Amino acid sequence: MKDQRVDIVGGGLAGLIAAVELARKGTRVAVFETANEFGGRARTRDLDGFLFNRGPHALYCNGALKRTLDRLGIAYTGGRNLSRARQAIIKGRLHSLPTTLGSIVTTSLLGLGDKVSFTRAFKAIMDGATRAGSFADWLDGEELSPMVRSLVEALARLSSYANGSGHISARVLLDQIRITAGGTIYVDGGWASLVKGLVEAARAAGVELNLNAAVDRVTRTTDGLQLVLGNGESRSSEAVILAVAPHEAATLAGDITSLIDEVRESRAVRANTLDLALRGLPPGAHDFALGIDEPFYLSVHTGSAKLAPVDGAIVHIAKYLPIGEAPAKNATEELEAIADLVMPGWREREVTRQTLRGMVVSHSLPRWDRPRASVCVPGAFGLFVAGDWVGEEGMIADAAAASGVQAAQSAFEWLSRGRTPGRAHS
Ligand SMILES: Cc1cc2nc3c(=O)[nH]c(=O)nc-3n(C[C@H](O)[C@H](O)[C@H](O)COP(=O)(O)OP(=O)(O)OC[C@H]3O[C@@H](n4cnc5c(N)ncnc54)[C@H](O)[C@@H]3O)c2cc1C
């Protein structure tokens, strides 16, 4: 095994996790990342001492990413400490967001009948509600009033970023709401801290780490696989994990039908985000708000995590784009208007900002009518994929982590079997 190598294309969370897993099993591993730093969408930018993730990033306490980082011994710190009552936005006005029994009783958002109905729906989810079909089918079956339905859909968007109840699997989304209800952590130093921990673990385990190393294509030879790099160099390898987007995987691997199908069928989850660095929050500002009749989100992450100089604040505002919808021309103005509502006076305190339009949060939401791609690419022996569009478990970064682990395990088994195909590859 020691003389056999697994090459991993892509140094985001999925690729790095796969690399650490394999190297710790004693396999030779190399990672090729086209950018000049590792992390992909989990990178963090430092602007004037303010640390910007690529939009709001929460680590789910009960999700596959945290479980994997903890098992691999990757250390990080952070917290979750919203100081004020959470707000719901409806018809351009703020109300208290019902997330606990106490806030359900007091919210001005719901009448008495809706309070009972929402409590029943919330309890059903927490008790393990599930069903085949789409999340919209599940909502239809619950016979909720329009207001309660909007509220449950807003909580679903908050948990998954996905704005498309008719597309998404009810089973996966209901699981995701339960995972999110288990708590989230905002990470000190941003998600770059997680990436740094993984890179250090990979280095310590002997992984060959290559930056500014684009891979051009992966070809099949009689002897195995060949990686052709952007600089024209090529090398043969016994197994390759493509930890990149589906369209990148399809382009790299050339003529593989299952990957081409995946590109055609994938439904990307996208968001517009406005990330603000402020010289402190204006007096009376709220630190969390969720749109109920419109798909908006605002949250102050510096109440929980070290992301800014003393007294500075990082505020994330996002719009969950409907599946298939492109960002509107006024995308930034829409997000600024949410900030005006939730924290008036912010404009005088702005230090700097980051805007992302139509950013891919997840390359493929889990559909109800089609399984997500398997880590083993059918018919392509020795070729594996990983990322937030792959595998059965979890959503967004949890899916990236879970598929990274699975791809590493499948590649390891492929090598251990002397490179004979298992059932999953056929
Ligand atoms: C606005 C926003 C908010 C989010 N919020 C959350 C959240 O709150 N919680 C959560 O769990 N997740 C969240 N996510 C999702 C999370 O960031 C991603 O799911 C995760 O980082 C994806 O990791 P990955 O390794 O699958 O892909 P990527 O991070 O995209 O990594 C792929 C890597 O492959 C490299 N690459 C591509 N082509 C090549 C090539 N030919 N050769 C070499 N390298 C190549 C790329 O440069 C990149 O570094 C959010 C994402 C966004 C955009």
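In this predicted model, strand β7 (residues 87–90) is paired with β8 in the antiparallel sense, over four bridges. Within this pairing, Leu 94 of β8 is the bridge partner of Ile 89.

Both strands belong to an open sheet of seven strands with mixed pairing, arranged in the order β8-β7-β16-β17-β18-β15-β19. From one strand to the next, the twist averages 20°.

Helix α11 (residues 331–342) packs on this sheet and touches β7, β8, β15, β16, β17, β18 and β19. The direction of α11 makes about 55° with that of β15. Among the strands touched by α11 are the following.

| Strand touched by α11 | Residues |
|---|---|
| β15 | 269–278 |
| β16 | 288–291 |
| β17 | 296–300 |
| β18 | 313–320 |

A further packing arrangement involves two helices. The axes of α4 (residues 112–126) and α6 (residues 146–160) come within 9 Å and cross at roughly 35°; the crossing is right-handed. On the α4 side, the contact is made by Asp 114, Ser 117, Phe 118, Ala 121, Phe 122 and Ile 125. Helix α6 contributes Met 147, Val 148, Leu 151, Val 152 and Leu 155. By class, this contact of α4 with α6 comprises nine nonpolar residues, one polar residue and one charged residue.

Methods. Residues are numbered from 1 along each chain as its sequence is written. This is a predicted model: local features need pLDDT of at least 70, side-chain atom pairs count only at pLDDT 80 or more; totals for chains, interfaces and linings use all residues. Side-chain values use heavy atoms; hydrogens and water are left out. Axes are lines fitted to C-alpha atoms, for helices over the stretch in contact, and angles run from 0 to 180 degrees between N-to-C directions. A crossing is left-handed if the near helix is turned anticlockwise from the far one by less than a right angle, and right-handed if clockwise. Contact means heavy atoms within 4.5 Å. Ala, Val, Leu, Ile, Met, Phe, Trp, Tyr, Cys and Pro count as nonpolar, Asp, Glu, Lys and Arg as charged, and the others, Gly among them, as polar. Two strands pair if DSSP finds at least two bridges between them.
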